[in-house]
Amino acid sequence: MKTVLMVAEKPSLAQSLAKILSNGNMNSRKGSNGACSIHEYTGKFNGEQVFFKMTSVCGHVMGCDFPGKYNNWDKVDPVELFTAPISKKEANPNLHMPTFLRKEATSVDYLVLWLDCDKEGENICFEVIDCVRSVMNRLSTQQIYRARFSAITDTDIKHAMNHLVQPNKNEALSVDARQELDLRIGCAFTRYQTRFFQGKYGDLDSTLISYGPCQTPTLGFCVERHDKIQSFKPEPYWVINVHVQLPNGKNLYLDWERVRLFDKEVAQMFVNRIKTGDGALVLETIQKRGEKQRPLALNTVEMLRVASSGLGMGPQHTMQIAERLYTQGYISYPRTETNSYPENFDLRQVSC
């Protein structure tokens with residue numbers, strides 16, 4: 001019987017995927033690295049009975065860095081970092097992820113990659129391929145498949161399994177390029193500005209002033225918000241809250257059309273006039289038919305904004321909750337720039 005190795009991006013996701021694909025009929029065991037589990041079951045693949053092994057990585061398998069000699073700030077001019085060689089190394093040496101993947105991939109016949117469907121996930125696909133290429137049976141591009149999915153629902157996952165594609169090398173290479181640029185620019189400019197600012201400001205409480213492509217716009221947002229808070233001048237205002245008792249004994253709470261007044265004396269005048277009255281006169285009744293619009297999908301930025309303003313949740317906490325909801329099948333992939341639901345996203349199934 002042939003063996004199919006399937007790899008997801010996180011242990012929790014691997015468990016959810018295996019449960020769906022095996023219809024809950026699977027056996028699980030702990031991996032040799034102690035962080036990842038392997039979920040095993042039998043089923044059909046390419047028209048034949050096979051043995052499935054579903055496991056995962058824990059994010060990126062590999063990272064990039066300069067050779068050790070370039071880490072000496074005193075001996076290396078920052079400008080050299082723009083042309084220095086870059087090497088790949090394990091993203092988390094404590095996990096021994098390449099060794100774990102090679103062990104589970106030994107003599108398997110097919111590889112199905114269930115990494116998250118973004119560019120980072122595509123890059124991890126090829127990190128996994130590089131780790132297991134040499135230990136698989138008769139490896140060719142026809143034996144490596146990529147699953148495309150956006151939600152952890154039965155419909156979406158089984159559709160992805162039945163419509164496997166090839167991993168996208170160009171998207172993976174774009175992440176390699178971004179990682180290299182981040183490393184070269186970040187390290188070089190961090191060293192430049194750290195040296196420049198050292199000793200110039202007595203209240204500078206950091207020995208390292210880091211630089212990164214995302215840090216500059218983020219700092220701009222923080223400064224802009226800080227300036228608005230500092231320049232804000234609170235101004236008192238007054239609101240009139242009125243409720244009248246209906247003949248049937250119920251209370252009716254009224255909204256003031258003017259909402260608020262910044263002049264206390266004028267507001268008090270209106271309150272006095274209300275107190276002298278002995279009833280309320282209905283001038284007009286309007287009956288409208290309301291329609292509730294379907295919920296609008298949120299991209300990542302809008303999701304973070306809504307969670308902050310409506311729930312008081314910070315970005316990190318929001319993303320942790322979103323990741324959990326995603327792996328449990330309640331929402332689609334939370335890291336996205338689109339505000340449209342995927343065509344095959346089953347809203348009825350999620351709402352049940």
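Contact here means heavy atoms within 4.5 Å. The views below are taken from a predicted model.

**View 1. The packing of helix H2 against helix H3.** Pro-98, Leu-101, Arg-102 and Ala-105 of H2 meet Val-128, Cys-131 and Val-132 of H3. Of the residues in this contact, 6 are nonpolar, 1 is charged and no polar residue takes part. Helix H2 spans residues 97-105 and helix H3 residues 119-132; their axes lie 8 Å apart and form an angle of about 65 degrees. The two helices are therefore roughly perpendicular to each other. Their crossing is right-handed.

View 2. Six strands, in the order S2-S3-S4-S1-S7-S8, form an open sheet with mixed pairing. Strand S2 (27-30) and strand S8 (144-146) are the edge strands; each has a single partner strand, so one side of each lacks a neighbour in the sheet. On average, and with direction ignored, neighbouring strands of this sheet are turned by 25 degrees against each other.

**View 3. The pairing of strands S3 and S4.** Strand S3 (residues 37-45) and strand S4 (residues 48-56) run antiparallel and are joined by 7 bridges. Within this view, Tyr-41 is placed opposite Phe-52 in S4.

**View 4. Helices H1 and H3 on the sheet.** Helix H1 (residues 11-21) lies across strand S1 (2-8), S3, S4 and strand S7 (110-114). The direction of H1 is at about 155 degrees to S4. Helix H3 also packs on the sheet, where H3 touches S1, S7 and S8. The direction of H3 makes about 155 degrees with that of S7.

Methods: Residues numbered from 1 in each chain as written. Predicted model: local features only at pLDDT ≥ 70, side-chain atom pairs only at ≥ 80, totals over all residues. Heavy atoms only, no water. Axes fitted to C-alpha atoms, helices over the stretch in contact; angles between N-to-C directions. Helix = DSSP H or I, 4+ residues; strand = E, 2+ residues; numbered from the N terminus. Parallel < 35°, antiparallel > 145°, perpendicular 65-115°, else oblique. Left-handed = near helix turned anticlockwise from the far one by under 90°. Nonpolar A, V, L, I, M, F, W, Y, C, P; charged D, E, K, R; others polar. Pairing = 2+ DSSP bridges.
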